[in-house]
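Subject: Structure handover

Hello,

Here is the structure I promised to pass on to you. My notes on it follow below.

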Amino acid sequence: MRNVKRAVLVKPGSPLEIWERPTPSASHGDVIVSVQMSGVCGTDHHLQSGDITLPNPMVLGHEAIGRIEELGSDVTTDSIGEPVAVGDVIYWQPAQPCYRCYACTVLEDVSMCPNLVTFQLHQHADEPPVGTYAEYAWLPERTAFFKVPADVPHEALIAFGCAMPTALHAINRAGGIGYGQHVVVQGSGPVGLAATLLAHLAGAGTVTVLGAPPNRLEMAGKLGATTTIDVTSTSEQERAAAVKEITNGRGADLIIEAAGRVPAFTEGLPLVAPDGTYVILGLWSAPGTSPVEPRYLNNHNIRVIGSAYTTPRHMYQTIQVTRTAHRRFPLAEMVTHRFSLDQAQDAIDAVGRGEPLKAVIVP
Ligand SMILES: [Zn+2]
Ligand SMILES: [Zn+2]
């Protein structure tokens with residue numbers, strides 16, 4: 001039993017409260033970690049503002065690096081069979097699939113498990129915190145987790161907390177990126193920046209990033225963007241003309257929507273090359289419709305693909321990409337803002353204003 005401090009969203013619109021509650025030890029399949037660093041995700045801001053509504057009160061935070069404090073009696077290895085012990089640093093999938101349904105078993109796509117427990121659903125803030133805005137976080141049984149090698153800097157990994165797994169999933173669903181292909185990334189938040197790096201690493205011929213503000217576009221350049229275009233100082237027509245010119249008039253082989261705005265889809269679809277692909281991953285919490293002429297997709301052999309959540313594979317791959325990429329790219333520089341647990345509200349406010357490249361809470 002230990003007293004654990006956590007930042008609690010009591011209801012949308014009200015400031016986070018700091019609660020301290022006694023929390024029991026790990027049992028059977030559970031793991032308890034001390035949170036070393038918790039990423040602040042745009043989703044946390046959406047949850048607080050009420051754009052996304054889930055049962056409250058809840059402990060926010062779903063991307064973190066933690067040090068193992070307690071292992072349940074059944075836990076001896078991480079999710080790839082590496083032995084684990086108290087003191088090891090881990091990174092985990094913030095969701096528990098059921099592994100007993102059609103999606104989990106036949107589709108082998110746990111991201112579509114209808115029983116997936118994610119975003120601390122069904123958890124009351126009095127219980128051991130699953131959310132990571134807390135001194136200690138509790139990984140329930142069936143949480144996929146992976147040991148973080150000692151040569152992976154924590155800042156470099158949390159820089160793309162849930163963003164790189166999301167981008168990896170989407171690029172995988174889109175069929176990957178071929179050498180020399182023209183890629184357009186819409187959006188320059190952490191997901192767009194992760195997609196930029198991954199496109200560069202995959203050998204894309206050009207990576208054009210449409211985003212804002214300038215500090216994010218500057219980072220996009222450091223991560224492999226060959227052109228960046230500020231969406232606040234250009235018109236849709238100007239951006240379309242730029243993409244056509246960059247792609248020799250053909251359009252992009254792959255467009256990755258990470259803008260989180262429905263008009264991005266309307267703008268981006270005509271910029272896809274014949275036989276190209278448009279993958280949507282940023283509209284999870286953005287309702288709205290966009291007119292599409294199905295004949296256009298038909299006559300240009302265009303694929304439109306959706307991608308939600310991640311799978312444990314993408315969490316594992318994120319560690320591996322970070323392990324090599326941090327030596328050549330300034331991933332740790334992404335972490336521009338640090339907050340204590342008591343300042344969790346300030347962290348969310350800063351993310352809401354779009355100030356940080358990446359904000360973290362260090363409990
Ligand atoms: Zn997130
Ligand atoms: Zn399932």
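Helices (H or I, at least four residues) and strands (E, at least two) are DSSP runs, numbered from the N terminus. This is a predicted model, in which local features need pLDDT of at least 70 and side-chain atom pairs count only at pLDDT 80 or more, while totals for chains, interfaces and linings use all residues. Residues are numbered from 1 along each chain as its sequence is written, chains are lettered from A and ligands numbered from 1 in the order in which they are written, and side-chain values use heavy atoms, with hydrogens and water left out.

First, the overall layout. The chain splits into domain 1 (3–148 + 330–361) and domain 2 (164–306), with bounds from an automatic or database domain assignment. Their C-alpha centres are 29 Å apart. Across the two, 16 residues of domain 1 are in contact (heavy atoms within 4.5 Å) with 12 residues of domain 2.

On a 1 Å grid over the protein atoms alone, a cavity is a set of points where a 1.4 Å probe fits but cannot get out; a pocket is an open set with protein on both sides within 12 Å along at least five of seven lines; and lining residues have an atom within 4 Å of a point. Grid points are joined across faces, edges and corners, and a volume is the space filled by probe spheres set on the points.

The whole structure holds two cavities of 30 Å³ or more. The second largest cavity is about 40 Å³ in volume. Strand E1 (2–9) and strand E9 (136–139) each give its lining at least two residues, and E9 contributes the most, with three. Among the lining residues are Arg2, Val4, Tyr136, Ala137 and Trp138.

The second largest pocket has a volume of about 190 Å³. It is lined by 16 residues, of which Thr77, Ser79, Arg142, Thr143 and Phe145 are the closest to its centre.

Finally, one residue to look at: Gln345, in helix H11 (residues 344–352).

Best wishes
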